[in-house]
Amino acid sequence: MLVQYAIMWHLTLETKSGSVLALATVFGFLPQAVVSIFGGVWADRLNRKFLIIAADASIAVTTLALALLMLAGTDDLWLIYAALAIRSVGAGIQMPAVSSLLPQLVPVSKLMRVNGINGSIQSAMTLLAPAVAAGVYASASIVAIFFVDVVTAVIGIGLLALIPVTKVLRADEAAGEKVGYFDDLVGGLRYLRGHTFVRWVLGLYAVVFLLIVAPSYLTPLMVVRTFGEEVWKLTANELAFSFGAILGGVLLATWGGLKNRVAMIVGATFVFGVLSVGLGLSTNMWVFFTFMFLLGAAVPAFATTSMTVLQETVEPDRQGRVFGFVGIVMALAMPLGMLIFGPLADRFSVESLLIVSGALMFLVIAIAVLVPSGRRAMRAADAHSTVAA
C-alpha cells in the first residue's frame with residue numbers, strides 16, 4: 001500500500017498528467033485481472049505457501065530493482081509502468097492463494113471471525129498507509145518507501161516460512177489421475193458454470209462493486225463541490241469510512257455473524273442501497289460523514305461474509321480457481337464502475353448518481369432473491385442455519 005500511494009503521488013507531482021495516472025491505473029489493475037484465473041489454477045496445483053512466497057519475493061525484487069534504477073538516475077515512465085504491471089501480476093497470483101490458504105489453517109467454525117480480523121487489519125492499513133507514506137515521502141524520497149517495502153516483504157516471507165502448510169490432496173490425484181494445467185483451467189470454468197450458488201455470490205459481488213464501491217470513490221468530489229475545498233473535510237471523509245470499516249470488522253470478528261450467511265449478504269446489500277441514497281440526500285456535512293462511517297461499517301458484513309461463504313462452500317482443491325475469479329471481479333468491476341460513473345459525474349451531480357446507484361441496488365436485491373438460484377440459496381442457507389442452531 002505504501003508503494004501504491006507513493007507511485008501515484010510521484011506521478012502526480014512529476015507529470016501533473018491525467019493520462020499518465022490513467023495508464024498507471026491500467027498497468028496496476030489489468031494484469032491482476034488477467035493473471036488471477038491462471039493464479040487460481042496454480043493455487044490448486046501447488047503448495048499455496050510456496051506460491052505466496054514466490055509471488056511476494058518477485059514483487060519485492062521488482063521494487064528493489066526500481067529503487068536501484070531510480071538511485072542511479074533512471075526514472076523513465078515505462079520503468080514505473082513495468083514495475084506496476086509486475087506487482088499487479090504478483091497480486092493476481094497471491095490473492096487466490098492467500099484466500100484459499102486460510103481455510104487450510106482455520107477451522108470452518110472460526111473462518112468468519114478470522115476473516116473479520118483480517119478485514120479489520122486491512123482497513124487499518126488503508127488508514128495508516130497514506131499517513132506513513134506521506135511522512136516517508138516528505139522526509140526522504142520515493143526510493144526510501146521502496147526499501148521499506150522490500151524489508152517488510154522479507155519479514156513477511158520469513159514469518160510465512162515458519163508456518164507448516166501441506167499441499168491440498170486433490171480427488172483426481174488420490175485416484176491416480178494426471179490432470180493437465182489447461183484441463184484444470186477448463187475444469188474451473190465448468191465448475192463455475194455448473195455451481196449456481198457460487199455464480200450467484202460472484203454475480204452479486206460484481207454488481208455491488210459496480211454500483212456501490214465505484215460511486216463511493218466519488219464522495220470526495222461531492223465533499224469539494226457541496227461542503228467546501230478544505231483539506232480537513234476530505235480527510236474526515238476518508239477517516240469516517242476507514243474507522244467504520246475497522247469497527248465493522250472488529251464487530252464481525254467478535255460476534256461471528258448470522259448463521260444464515262445468505263441473509264447477511266442480502267441484508268448488507270440492502271443497507272448499501274439505503275446508505276447510498278442517504279449519502280445522496282445529505283445536505284449537512286456531519287450527517288454525510290455519519291453515513292460514510294456507517295457505509296464503512298457495513299462493508300465487512302458483505303465482503304467478509306461473501307468470502308467466508310465461498311470458503312465454506314467450495315471444495316478445498318477448487319478454492320484457488322474460484323478465488324481467481326473473485327480476483328478478476330475485484331480487479332475489473334471497480335475500474336469499470338469508475339469508467340461509467342466518472343464521466344457521468346462531470347455531467348450530473350454526485351448526489352444524483354449516489355441516489356440512482358442506491359435505487360438500482362434495491363432492484364438488484366429483488367432480482368437476486370427472486371431468480372431461481374437466489375431462491376435456492378435462501379432455502380439452503382435457511383436449512384443450514386437451522387441445523388447449525
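How do helix α13 and α14 pack against each other, and which residues does Gln 319 touch?

A: The model is a predicted one, in which local features need pLDDT of at least 70 and side-chain atom pairs count only at pLDDT 80 or more, while totals for chains, interfaces and linings use all residues. Residues are numbered from 1 along each chain as its sequence is written, and side-chain values use heavy atoms, with hydrogens and water left out.

The pair itself comes first. Helix α13 covers residues 285-313, and helix α14 covers residues 319-347; helices are DSSP runs of H or I with at least four residues, strands being runs of E with at least two, numbered from the N terminus. The axes of α13 and α14 lie 10 Å apart, at an angle of about 155°. Such axes are lines fitted to C-alpha atoms, for helices over the stretch in contact, and angles run from 0 to 180 degrees between N-to-C directions. The angle makes α13 roughly antiparallel to α14 (under 35 degrees is roughly parallel, over 145 roughly antiparallel, 65 to 115 roughly perpendicular and the rest oblique). Their crossing is right-handed; this word applies when the near helix is turned clockwise from the far one by less than a right angle, and left-handed when anticlockwise.

On the α13 side, the contact (heavy atoms within 4.5 Å) is made by Met 307, Leu 310 and Gln 311, and on the α14 side by Gln 319, Val 322, Phe 323 and Val 326. Five of these residues are nonpolar, two are polar and none is charged. In this division, Ala, Val, Leu, Ile, Met, Phe, Trp, Tyr, Cys and Pro count as nonpolar, Asp, Glu, Lys and Arg as charged, and the others, Gly among them, as polar.

Gln 319 lies in α14 and counts as buried, because its relative accessibility is 2% (buried means under 20% relative accessible area, exposed over 50% and partly exposed in between, with a 1.4 Å probe and protein chains only). Not counting residues up to four places away in sequence, Gln 319 touches Asp 44, Arg 48, Ser 99, Ser 100, Pro 103, Gln 311 and Val 314. Val 114 is 205 residues from Gln 319 in sequence, and their C-alpha atoms are 17 Å apart in space.

Ser 99, one of the residues that Gln 319 touches, belongs to helix α4 (residues 77-105). Ser 99 is buried, with a relative accessible area of 9%. Leaving out residues up to four places away in sequence, Ser 99 touches Met 307 and Gln 311 as well as Gln 319 and Phe 323. Those four residues also take part in the contact between α13 and α14.

Helix α13 has a further partner in helix α12 (residues 261-281). The axes of α12 and α13 come within 9 Å and cross at roughly 155°, and the two helices are therefore roughly antiparallel to each other. The crossing of α12 and α13 is left-handed, whereas that of α13 and α14 is right-handed. The residues of the contact of α12 with α13 comprise 17 nonpolar, five polar and two charged.

The surroundings also include a nonpolar core, that is, a set of buried Ala, Val, Leu, Ile, Met, Phe, Trp, Tyr and Cys residues joined through side-chain atoms within 4.5 Å. The largest one has 63 residues, and those with the most contacts inside it are Val 198, Trp 200, Phe 288, Phe 302 and Leu 310. Leu 310 is also part of the contact of α13 with α14. Phe 288, leaving aside its neighbours within four places in sequence, is in contact with Thr 219, Met 222, Val 223, Phe 227, Asn 237, Leu 279 and Ser 282.
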